Amino acid sequence: MIKNIVFDFGKVLVTYDFYTPLEAWGMTPQERKDFEDSILSRDWTLRIDKGEKSFAEYIEELKGLYPHVAPYFQRFHDEYAGFITGEMPGMYDLLVRLKAEGYKLYGLTNWSETIYQFLNKYQIFTLLDGMLISSEEKMIKPDLEIYYRLCEKFSLQPEECLFTDDKAGNVEAALQTGMQGIVFRNAEQFEEELRLKL
């Protein structure tokens with residue numbers, strides 16, 4: 001029986017767009033490629049989210065590795081809050097309904113310490129009963145230990161939890177721990193699949 005619903009943050013509770021703003025920055029094609037192959041690559045993103053160094057420290061490291069695009073790395077750091085574009089349509093109202101129905105709501109996100117720029121900015125985060133942030137735990141999805149850590153921290157039973165994420169691999173990992181899971185596409189699709197499992 002599902003008692004707890006666990007949400008990823010990016011592209012589930014809030015939306016983000018790293019690419020559209022870059023088009024206005026005037027990079028050459030090579031500068032754009034170097035920028036995207038570094039800070040926007042999966043490898044660098046996971047390192048930042050794992051919290052091995054702070055976001056600012058990684059920016060400085062990248063500026064040293066790619067000095068020809070150093071100003072763009074600094075701009076990415078300085079304007080980071082603007083890349084988060086709002087709450088995911090329909091999700092605030094859905095979380096309000098689920099909370100009223102008695103479900104406990106939790107967050108499990110791969111994110112650097114920059115998440116704290118947004119926790120007070122978007123009301124949807126106030127609906128969560130607790131959250132686990134990868135950079136604080138020094139572990140990331142889809143490593144199984146982060147799902148177990150969530151359960152340990154909030155005294156949850158995996159079989160009583162349902163996890164949703166826009167990345168299928170992260171959902172598949174949750175299933176391995178005994179949780180149920182849904183790959184998130186939008187609020188309507190998520191609620192439709194969720195209701196079949198509750």
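Reply: Let us begin with Thr-45, whose place is in helix 3, and keep in mind throughout that this is a predicted model.

Me: Is Thr-45 buried, exposed or partly exposed?

Reply: The class follows from the relative accessible area, where under 20% means buried and over 50% means exposed. Thr-45 has a relative accessible area of 30%, and therefore counts as partly exposed. Once neighbours within four places in sequence are left aside, Thr-45 is in contact with Ile-39 and Leu-40.

Me: Which residues does Asp-49 contact, leaving aside its neighbours within four places in sequence?

Reply: Asp-49, which is also found in helix 3, is in contact with Asn-110, Trp-111, Ser-112, Ser-134, Ser-135 and Ile-140. Its relative accessible area is 9%, so Asp-49 is classed as buried.

Me: Which residues lie nearest the centre of the largest pocket, and how many residues line it?

Reply: The lining of the largest pocket comprises 29 residues, and those nearest its centre are Tyr-16, Phe-18, Thr-45, Asp-49 and Lys-167. The volume of this pocket is about 680 Å³. Helix 3 gives the most, with five residues, and helix 3 (42-50) and helix 9 each supply at least two. By class, the lining has 13 nonpolar residues, eight polar ones and eight charged ones.

Me: Turning to the sheet, in what order do its strands stand?

Reply: The sheet is an open one of five strands, in the order 5-4-1-6-7, and the pairing is parallel. Strand 5 (130-133) and strand 7 (180-183) stand at the edges and have a single partner strand each, so one side of each is left without a neighbour in the sheet. Neighbouring strands are turned against each other by 20° on average, with direction ignored.

Me: How many bridges join strand 1 to strand 4, and what packs on the sheet?

Reply: Strand 1 (residues 4-7) pairs with strand 4 (residues 104-109) in the parallel sense over four bridges, and within this pairing Val-6 stands opposite Tyr-106 in strand 4. Helix 8 (residues 144-154) packs on the sheet, where it touches strand 1, strand 4, strand 5 and strand 6 (161-165), and its direction makes about 145° with that of strand 5. Helix 9 (residues 168-176) likewise packs on the sheet, touching strand 6 and strand 7, with its direction at about 170° to that of strand 7.

Me: How should I read the two faces of strand 6?

Reply: In a regular strand the side chains alternate between the two faces of the sheet. In strand 6, Cys-161, Phe-163 and Asp-165 lie on one side and Leu-162 and Thr-164 on the other, and all of these are buried, so that both faces are covered. Since five of the five residues of strand 6 are buried, the strand is largely enclosed by the rest of the structure. Strand 6 pairs in the parallel sense with strand 1 over four bridges, and four bridges also join strand 6 to strand 7, which run parallel. Leu-162 shows both pairings: Ile-5 stands opposite Leu-162, and the bridge partner of Leu-162 in strand 7 is Gln-180.

Me: Finally, which residues are joined by a cis peptide bond, and where is a positive phi found in a residue other than glycine?

Reply: Backbone angles are read residue by residue. The cis peptide bond joins Lys-141 and Pro-142, with omega at about 10°, and Pro-142 has its place in the loop between helix 7 (134-137) and helix 8. That loop between helix 7 and helix 8 also holds Lys-138, which has a positive phi of about 60° although it is not a glycine; at 48% relative accessibility, Lys-138 counts as partly exposed. Lys-11, in the loop between strand 1 and strand 2 (14-16), has a phi near 70°, again a positive value in a residue other than glycine. Lys-11 is partly exposed, at 37% relative accessibility.

Conventions: Residues are numbered from 1 along each chain as its sequence is written. This is a predicted model: local features need pLDDT of at least 70, side-chain atom pairs count only at pLDDT 80 or more; totals for chains, interfaces and linings use all residues. Side-chain values use heavy atoms; hydrogens and water are left out. Two strands pair if DSSP finds at least two bridges between them. Axes are lines fitted to C-alpha atoms, for helices over the stretch in contact, and angles run from 0 to 180 degrees between N-to-C directions. Contact means heavy atoms within 4.5 Å. On a 1 Å grid over the protein atoms alone, a cavity is a set of points where a 1.4 Å probe fits but cannot get out, and a pocket is an open set with protein on both sides within 12 Å along at least five of seven lines; lining residues have an atom within 4 Å of a point. Grid points are joined across faces, edges and corners, and a volume is the space filled by probe spheres set on the points. Ala, Val, Leu, Ile, Met, Phe, Trp, Tyr, Cys and Pro count as nonpolar, Asp, Glu, Lys and Arg as charged, and the others, Gly among them, as polar. Buried means under 20% relative accessible area, exposed over 50%, partly exposed in between (1.4 Å probe, protein chains only).
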